[in-house]
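Colleague: Could we go over the charged side chains in this protein? I would like to begin with the pairs.
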Amino acid sequence: QVQLVESGGGLVQVGGSLRLSCAASGRTFGSYAMGWFRQTPGKEREFVARILWRSGSTLYADSVKARFTISRDNAKNTMYLQMNSLRPEDTAVYYCASKPGVAGEYDYWGQGTQVTVSS
């Protein structure tokens with residue numbers, strides 16, 4: 001069983017920064033992809049970024065490119081999302097997820113952490 005636990009959300013002003021963490025346990029993540037998603041009430045869950053655990057290769061949604069940085073610490077089995085230049089439209093519940101490869105669906109999800117950007 002995989003456990004993913006997010007932390008680091010909170011309230012921040014426009015232009016500010018936050019760093020989210022996703023602590024993972026329960027599997028060896030060497031061949032896996034992990035990602036960040038976000039969701040606001042009444043909207044579909046939105047892809048934010050993903051990282052391939054072994055290579056560190058990253059992919060970002062256009063809306064966060066150049067502002068957000070996804071990274072991982074292999075030794076700590078932890079993924080991060082550094083969010084800079086935050087905007088009100090970044091307000092959402094942020095979820096981390098994992099899947100056993102580049103393709104396919106994400107099969108494990110964290111409980112989410114709220115990020116609120118105030119103007």
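Colleague: Which residue forms a salt bridge with Asp62?

Modeller: Asp62 pairs with Lys65, and their closest N and O atoms are 3.0 Å apart. A salt bridge here is a side-chain nitrogen of Lys or Arg within 4 Å of a carboxyl oxygen of Asp or Glu. This is a predicted model, in which local features need pLDDT of at least 70 and side-chain atom pairs count only at pLDDT 80 or more, while totals for chains, interfaces and linings use all residues. Residues are numbered from 1 along each chain as its sequence is written, and side-chain values use heavy atoms, with hydrogens and water left out.

Colleague: Is Asp62 buried or exposed?

Modeller: Asp62 is exposed, at 66% relative accessibility, and Lys65 is partly exposed at 46%. Buried means under 20% relative accessible area, exposed over 50%, and partly exposed in between (1.4 Å probe, protein chains only).

Colleague: How many salt bridges are there by this rule?

Modeller: The count is four. One of them joins Arg38 to Glu46, with 2.8 Å between the closest N and O atoms. Arg38 is buried at 5% relative accessibility, whereas Glu46 is partly exposed at 31%.

Colleague: What about Arg67: with which residue does its side chain meet in a salt bridge?

Modeller: That partner is Asp90, at 2.8 Å from N to O. Arg67 and Asp90 are both buried.

Colleague: Which residues are linked in a network of salt bridges?

Modeller: Arg38, Glu46, Arg67 and Asp90 make up that network.
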